[in-house]
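Please report on this structure.

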Amino acid sequence: MTEADRSVEARDSICPFCGVGCSLSYAERTGGSTGTPGPVNADGEICPKGAAAFDVVTHEDRLTRPLLRSDDGFVEASWTAALDRIETRIGEIVAEHGPDAVGFFASSNCTNEENYALQKLARILGTNNVDNCARLCHASTVAAMQERFGAGAMTNTLEDLGEADAFLVTGANPAEQHPVAFRSYLLPAIQDGTTLIHVDPRANDTTEAADVHLPVRPGHDIPLLNAMAAVLLEEGLVDEAFLERRTEGFDEFRAWLADVDVAECAELAGVDEDDLRAAAVAYGEADRAAAFTGMGMSQHRCGTDNVHALLNLALLTGNVGRRGTGVNPLRGQNNVQGASDVGALPGVLPGYRDVTDPEARAAVAEEWGIEPPATPGRTEVEMTHAFGDGVRAAVVLGENPAATEPDGNSIATHFEDLEFLVAVDLFETETTQYADVILPGSAWAEKGGTVTNTDRQVLRMRPMTDPPGGARRDLDVVASLGERLTGHDFASEPAAVFAELTRVSPIYAGMSYEGIGDGGQRWPYPAGADSGTEVLHRDRFANGDRTAPLVPVDHVPPADDPADDELVLTTGRILTHFNSGALTRRSATLTRMASEDALRIHPDDAAARGVADGDAVRVASDQGTVTVPAEVTPSIRRGTVFLTFHFADSPVNRVTSDALDPTAKIPEYKHTPVTVDPA
Ligand SMILES: Nc1nc2c(c(=O)[nH]1)N[C@H]1C(S)=C(S)[C@@H](COP(=O)(O)OP(=O)(O)OC[C@H]3O[C@@H](n4cnc5c(=O)[nH]c(N)nc54)[C@H](O)[C@@H]3O)O[C@H]1N2
Ligand SMILES: Nc1nc2c(c(=O)[nH]1)N[C@H]1C(S)=C(S)[C@@H](COP(=O)(O)OP(=O)(O)OC[C@H]3O[C@@H](n4cnc5c(=O)[nH]c(N)nc54)[C@H](O)[C@@H]3O)O[C@H]1N2
Ligand code: SF4
Ligand SMILES: [Mo]
């Protein structure tokens, strides 16, 4: 059937891209998406990606039949034949090597119900090898915040954050990556007088609104944040009453801070000392100061420590537990918060209860009729690294790890080593090329369910149309896989799965589809609550403690220092494209706005290499090489260059470092020494 034959019914759903969670509907007039007033975008405002969200749904490249690998390449097959193949091969691998020889990649691009069903499948099969790409994203942030505050999510809500007198935005570029959050919540406050401090090695759209820009040297946020802490103390800008009531370890922390030399730290971080002091004073003098943190902080070998250093600032100044304050990780995809909430993580069950906790396992067993395994599974990158060895089969739902994991040339070898790969996607991707079975899943507009946005609101998606041809809804696909691989019954109605989730996950307890309606319910969701808890940690931290510790954080140098002739490559995003680009590169509108990558390089670094604006350059690291045009611009700091990972013809992850944060296992995407030469 051609896409034009599919009838589309206008119903509100949620944008498939970023974690802001804007409501979208179908506009017959344009044949595309339109913003509709929702819990986050109260006036129906959306960004260019939201406006292009239907381009993907109706795209002619959509997978419409299961594909099986054969000697002649991929051949179309029936669902029965595809599921038979999966049942047989995974069955053989489990019989021979045990369930831990299988790895499950859940999806931050899929619903709570789909992720819940997939982690349940893994655990009933007998393995905790299930993870989602939150691992590549805010795993370090969550590790630090969970340890100190007892919850890894945004402490506050977009709405109350507008009350802040100062914003400290570090390692994030919300003007491009969380556009509606920036334009509808942050910008109005800034225009009303809130000071914006932006810490980023590049000046970008967010910096345009900033009062202070600290162009930090990539991987050197700890000295910068420690120096800010020292200035707060020096200037008497700490909140004594809060320190007394809500923190521990202040005396030791103060003694350690006495040795932190502000000038030295500013130099190490590569920023102007006066600007750093001005930033600390603006943050410290504000009645309410809110920190926002993103990938520039989290994606380092020291990602967890970076966030620990940021948490110190909030605790020192009493900026926790009140409106307009806190530490706020801006979450990635439309359901990266939810995929983790529902237990698609190797160490925790739904609701972040440890797999090692017998009570938590027993609670789940009551619902599932079978107890999940007690040992934590492998993380996402650990799974790919074990392909062909510890992990022999993998099921990848709505992820493209062959393009998005670091050190891509090694990842390609690992995928080749895998004995059996099932991929559920909308399109053929870098990852599906390694698959033995490709299953055609459903796009956002074709399915119902819930997603949890960046400020912890569970929001409802509603199907507007059917999947094309023989493609199936993702929840049906996961339920079929579950029944085939475990022999257990798996519900395929989103409402039934959500109801089960609310029984199993304490943070979703009490929520319901009816209660969510056209609005949202926010976790934690106390019994009888209307819309849920807005500000976390008000009187006690989420772990039940009244106090959180202040902890000294020493600078951790990046895994590899650049040699004299090298520059530091940091990577990230632009407004009009999304992650591996599997979706946005297929939108004609978005591709017209940006169709290829460019190496942002400082004029001095370009001149030293004989590179002019627009020249093709070869960017090479120990891991690999990529060739792209140069964009010579003073907006990036000297010694640093920047690329995105959105474009298949310049696969930047062939170049990125293989270093991981030892605590959170998040890759160091933001610091790779490279040479840059004319191509
Ligand atoms: N348009 C668009 N929006 C998106 C996405 C997308 O691909 N495109 N992806 C979604 C996802 S999955 C995520 S996780 C979020 C990510 O959203 P962000 O965290 O905003 O994303 P990035 O661009 O990766 O990184 C943010 C900034 O960190 C800076 N940076 C680099 N190195 C350092 C450093 O060492 N220190 C500091 N302080 N800053 C540094 C970069 O220059 C960059 O501007 O966006 C979501 N929204
Ligand atoms: N160099 C570099 N690399 C990075 C990063 C970086 O900053 N720099 N950031 C990292 C981060 S934060 C993240 S989150 C990861 C993202 O890594 P991935 O999640 O691997 O990236 P996506 O491009 O979002 O891949 C999503 C895949 O799911 C498919 N898909 C989308 N929606 C659906 C759906 O509803 N159903 C199904 N079945 N499939 C669907 C898409 O077609 C696509 O193939 O990348 C990481 N990689
Ligand atoms: S801001 Fe995010 S959720 Fe809103 S329309 Fe843009 S990409 Fe979609
Ligand atoms: Mo992400």
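## Domain 1 and domain 3

The C-alpha centres of domain 1 and domain 3 lie 31 Å apart. This is a predicted model: local features need pLDDT of at least 70, side-chain atom pairs count only at pLDDT 80 or more, and totals for chains, interfaces and linings use all residues. Residues are numbered from 1 along each chain as its sequence is written, chains are lettered from A and ligands numbered from 1 in the order in which they are written, and side-chain values use heavy atoms, with hydrogens and water left out.

The chain is divided into domain 1 (13-57), domain 2 (67-136 + 334-522), domain 3 (139-329) and domain 4 (567-678). These bounds come from an automatic or database domain assignment. Domain 1 puts 10 residues into the contact with domain 3, and domain 3 puts in 9 residues. Contact here means heavy atoms within 4.5 Å.

## What the interface is made of

Domain 1 and domain 3 bury about 600 Å² between them, and carbon and sulfur atoms give 69% of that area. Buried area is the accessible area (1.4 Å probe) that two parts lose on being put together, summed over both. On the side of domain 1, Val20, Val40 and Glu45 lose the most area to domain 3, together 54% of what that side buries.

How many salt bridges cross the interface of domain 1 and domain 3? The rule finds 0. A salt bridge is a side-chain nitrogen of Lys or Arg within 4 Å of a carboxyl oxygen of Asp or Glu. Polar contacts number 2 residue pairs between domain 1 and domain 3, both at pLDDT 80 or more. A polar contact is a pair of N or O atoms within 3.5 Å; within protein, one must be able to donate a hydrogen and the other to accept it, and residues adjacent in sequence count only if both atoms are side-chain atoms. The side of domain 1 that touches domain 3 has 7 nonpolar, 1 polar and 2 charged residues. Ala, Val, Leu, Ile, Met, Phe, Trp, Tyr, Cys and Pro count as nonpolar, Asp, Glu, Lys and Arg as charged, and the others, Gly among them, as polar.

Ligand 1 is surrounded by 35 residues (a heavy atom within 4 Å). The closest are Asp200, Asp221, Arg573, His577 and Asn579. A polar side-chain atom of Asp221 sits 2.7 Å from a nitrogen atom of ligand 1. For Lys670, a polar side-chain atom is 2.8 Å from an oxygen atom of ligand 1. Gly171 uses its backbone: an N or O atom there lies 3.3 Å from a nitrogen atom of ligand 1.

Around ligand 2 there are 32 residues, the closest being Asn400, Thr404, Asp425, Ser580 and Asn653. The side chain of Asp474 has an N or O atom 2.8 Å from a nitrogen atom of ligand 2. Gln299 places a polar side-chain atom 3.1 Å from an oxygen atom of ligand 2. A backbone N or O atom of Ser442 also lies 3.1 Å from an oxygen atom of ligand 2.

## Ligand 3

The shell around ligand 3 includes Cys15, Cys18, Cys22 and Cys47. Phe17, Ile46, Lys49, Pro179 and Val180 are also among its residues. By class, the shell holds 8 nonpolar, 2 polar and 1 charged. Helices α1 (48-51) and α8 (179-191) each supply at least two of its residues. Helices (H or I, at least four residues) and strands (E, at least two) are DSSP runs, numbered from the N terminus.

## Salt bridges and backbone

The structure holds 28 salt bridges. One joins Asp251 and Arg254, with the closest N and O atoms 3.1 Å apart. The two residues are separated by about one helical turn, because they are 3 residues apart in helix α11 (residues 250-257).

A cis peptide bond joins Trp523 and Pro524, with omega about -10 degrees. Pro524 is in the loop between β21 (520-522) and β22 (548-549). Arg456 is not a glycine, yet has a positive phi of about 70 degrees. Arg456 is in the loop between β19 (449-452) and β20 (457-461).
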